[in-house]
Amino acid sequence: MSLRHLNIDAYNPGEFHHLLDINTTNDPTRETTRLAIKLKLVTGTYILQNKRFRYTENETPICKLCDQGDETLCHFLLDCQILEPIRQKYFHQIDEILHLISKDNLRTLSSHDKIQIILDCTLHYTGLKGNSENIVKLDAICRQMSYALHIARYRSLDIKRK
Ligand SMILES: [Zn+2]
């Protein structure tokens, strides 16, 4: 398990880590499901093809959605063309928040920085508090996007299996 994408310094004893704070949303049950996927991605326990192939016979690391390269975390979150329509919907919303907190936008950031912002933005914007309004919004959008990518990936794999 890797915690390199998680900002452990953002944790204050007696408080929730900002990634776990879903009290601000109006549908906590749904947010809990989304959060479970997000935490797997953050902790490196979400199984993509680049891990699955190591433990399964007759498997390759190649992405089964597009057949265009290894299915790494970067491929899943940023590059897989099959998932691009989902990403476009959320990247626009992420850019609106980034504009409020920095001069960044997703087009000019490196893949490494984009992944870090999607997984735990406070490790990228270290000056910002996890409970600030923009971080709460950004967390919510990134949680929704991660879940939407997860669902789209599963639906697509399911269709290919049939
Ligand atoms: Zn792909």
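Reader: Leaving aside neighbours within four places in sequence, which residues is Y90 in contact with?

Author: First, the idea: two residues are in contact if their C-beta atoms, placed from the backbone, lie within 7 Å. Here, with those neighbours set aside, Y90 touches I141, Q144 and M145. Keep in mind that this is a predicted model, where local features need pLDDT of at least 70, side-chain atom pairs count only at pLDDT 80 or more, and totals for chains, interfaces and linings use all residues. Numbering runs from 1 along each chain as its sequence is written.

Reader: Okay, and where is Y90 found?

Author: Helices (H or I, at least four residues) and strands (E, at least two) are DSSP runs, numbered from the N terminus. Y90 sits in helix α4, residues 84-101. The protein has six helices and zero strands, giving the pattern α-α-α-α-α-α along the sequence.

Reader: How many residues apart in sequence are Y90 and A36?

Author: They're 54 residues apart in sequence, and 19 Å apart in space, C-alpha to C-alpha.

Reader: And what radius of gyration does the protein have?

Author: That's taken over C-alpha atoms, and the globule rule is 2.2 Å times the number of residues to the power 0.38. For 162 residues, a compact globule would come out near 15 Å; the protein has 16 Å, which agrees.
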